[in-house]
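Q: Hey, I've got this structure open and I'm a bit lost. Can we go through it together?

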Amino acid sequence: MYPDFQYLFQSIFHHTMPEWLGIFKTFGFLVAMAFIAAAWTLSLELKRKEKEGLLFPQYKKIEVGKAVTIAELLWSAVLGFILGFKVGGFFGHASEITPNPMGYLFSLHGNILVGIAGVAIITYSKYAEKKKQQLPEPVTKTITILPHHRIADIVVIAAVGGLLGAKIFNAFETWDSFIKDPIGSLISSDGLTFYGGLIVATASLYYFARKNNISFKHLCDAAAPGLILAYGIGRLGCHFSGDGDWGIFNTAYLTQHDGTLKYIADDKYASALINAHYTTLRDLPAAHVTAPSWLPDWTVAMNYPHNVAREGFALQNCTGTYCNVLPAGVFPTSLYEAIACILLFCILWYLRKRIKYPLHLFGIYLIFNGIERFFIEKIRVNYKYDWEFLHPTQAEIISTLLVVAGLGILLFHKKKEINTVQQE
């Protein structure tokens, strides 16, 4: 696995790479790619809907040519200090920061001198920019803002709301570990619950759409293909980094001393060996599945060497932060989800111009997403609630509700869109 770019490049070039590359995390990179992909598809769909007369511009009056204000300079100074302080603190301390860059960003560590330099550079840049644009007399202009012009705002709101929701829902899902170290859990780069992010981001964007006179129904439809594509790319990040988002043990494949997997026919022996090496997973379910002859073994069993979650036992002759490997193969559920969601994106992209009613594409997305996640939970490691005869996971509960909501949209939301601006 590749927890960061140092491991990735070492695997590609078979040569020791600089330690500072470790600050670039594989999971974070692929999450960034997921947001870019979602923003790209959303932009294409918003432009298409604007041309079809389904989304409308907003007209806004602005004043140009004003002199720079004290408030603008103060904000520039604050931003410059934070950037300089944090970037400067990285140099000379890469080995300490690399294992947990998120923790460093939220800490009080940094370089004060570089922070002061950042204040001077950013503040002067802001002053020079405003001075260049300044007019003898400020002028009021009316500008046209189309929905696709707000892509940057939409992505930022989705990212912030998604991160907050993912952390909040993960805290409920892993409450015992969260209450032991709430601050550490919140600033950690792992521990994200997708459905929490989806719910909070959707609520935030609903408010944003109403405020800016954007049809929320059409915004949902425009976002649907990108949402499932972004989820698939994000799951690739989970897989390649080994963040713990994997399936149950496959006792057909055990880890050898050198970290490789070997097929074991004896299921009882394999279960006993897993328990001996990894007692914290003693009560977790397992299965004994052999890969078909036409598929490689890793399609049903991966032991995630160098996983970023640091789960399992220590690899021999390994030094560094990520030196753990699982005692047996597990089902690579994050890889399954990535493949499934990329295929579902292709279906939604094909359907997007063929749907008759607004919001129905989003309803289909909810059904696809819910069904995919519900069934993957059957072989995925997750906390289960104890409800007498029912033992669902949080994701199973939410995915079921999403399918019901999607079906409700398809069955009952049949009102045709009219070509007027509507507040939704």
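Q: Is the crossing where α2 passes α11 left-handed or right-handed?
A: That crossing is right-handed. Keep in mind that this is a predicted model.

Q: Ok, and at what angle do the axes of α2 and α11 cross?
A: Roughly 165°, and the axes come within 8 Å. Here α2 covers residues 26-51 and α11 covers residues 216-241. Since angles over 145 degrees count as roughly antiparallel, that makes α2 roughly antiparallel to α11.

Q: What kinds of residues make up the contact of α2 with α11?
A: There are 17 nonpolar ones, seven polar ones and three charged ones.

Q: Where does α14 come in: what's its angle to α11?
A: About 25°, and the two axes are 7 Å apart. That angle makes α11 roughly parallel to α14. As for handedness, α11 passes α14 in a left-handed crossing.

Q: And how do α13 and α14 run, parallel or antiparallel?
A: Roughly antiparallel to each other. Their axes cross at roughly 160° and come within 11 Å. The crossing of α13 past α14 is right-handed.

Q: New topic: how many residues are in the largest nonpolar core?
A: It has 39 residues. Those that touch the most other members are Leu-42, Leu-46, Ile-154, Leu-219, Ile-228, Phe-362 and Tyr-365.

Q: Which helices supply at least two residues of this core?
A: That list is α2, α7 (151-173), α10 (194-211), α11, α13 (333-351), α14 (360-376) and α15. The largest share comes from α11, with ten residues.

Q: You mentioned α15. What span should its 19 residues have?
A: At 1.5 Å a residue they should span 27 Å. The end C-alpha atoms of α15 (residues 394-412) are 27 Å apart, which agrees.

Q: How far apart are Ile-347 and Pro-225 in space?
A: They're 8.6 Å apart, C-alpha to C-alpha. In sequence, 122 residues separate Ile-347 from Pro-225.

Q: Let's look at a loop. Where is Tyr-304?
A: Tyr-304 is in the loop between β5 (286-287) and β6 (313-314). Its phi is near 45°, a positive value in a residue other than glycine.

Q: Is Tyr-304 buried or exposed?
A: Buried, because its relative accessibility is 1% and buried means under 20%.

Q: And what's phi for His-306?
A: Near 65°, which is again a positive value in a residue other than glycine. His-306 also sits in the loop between β5 and β6. At 21% relative accessibility, His-306 counts as partly exposed.

Technical notes: Residues are numbered from 1 along each chain as its sequence is written. This is a predicted model: local features need pLDDT of at least 70, side-chain atom pairs count only at pLDDT 80 or more; totals for chains, interfaces and linings use all residues. Side-chain values use heavy atoms; hydrogens and water are left out. Axes are lines fitted to C-alpha atoms, for helices over the stretch in contact, and angles run from 0 to 180 degrees between N-to-C directions. Helices (H or I, at least four residues) and strands (E, at least two) are DSSP runs, numbered from the N terminus. Angles under 35 degrees count as roughly parallel, over 145 as roughly antiparallel, 65 to 115 as roughly perpendicular and the rest as oblique. A crossing is left-handed if the near helix is turned anticlockwise from the far one by less than a right angle, and right-handed if clockwise. Ala, Val, Leu, Ile, Met, Phe, Trp, Tyr, Cys and Pro count as nonpolar, Asp, Glu, Lys and Arg as charged, and the others, Gly among them, as polar. The expected span of a helix is 1.5 Å times one less than its number of residues. A nonpolar core is a set of buried Ala, Val, Leu, Ile, Met, Phe, Trp, Tyr and Cys residues joined through side-chain atoms within 4.5 Å. Buried means under 20% relative accessible area, exposed over 50%, partly exposed in between (1.4 Å probe, protein chains only).
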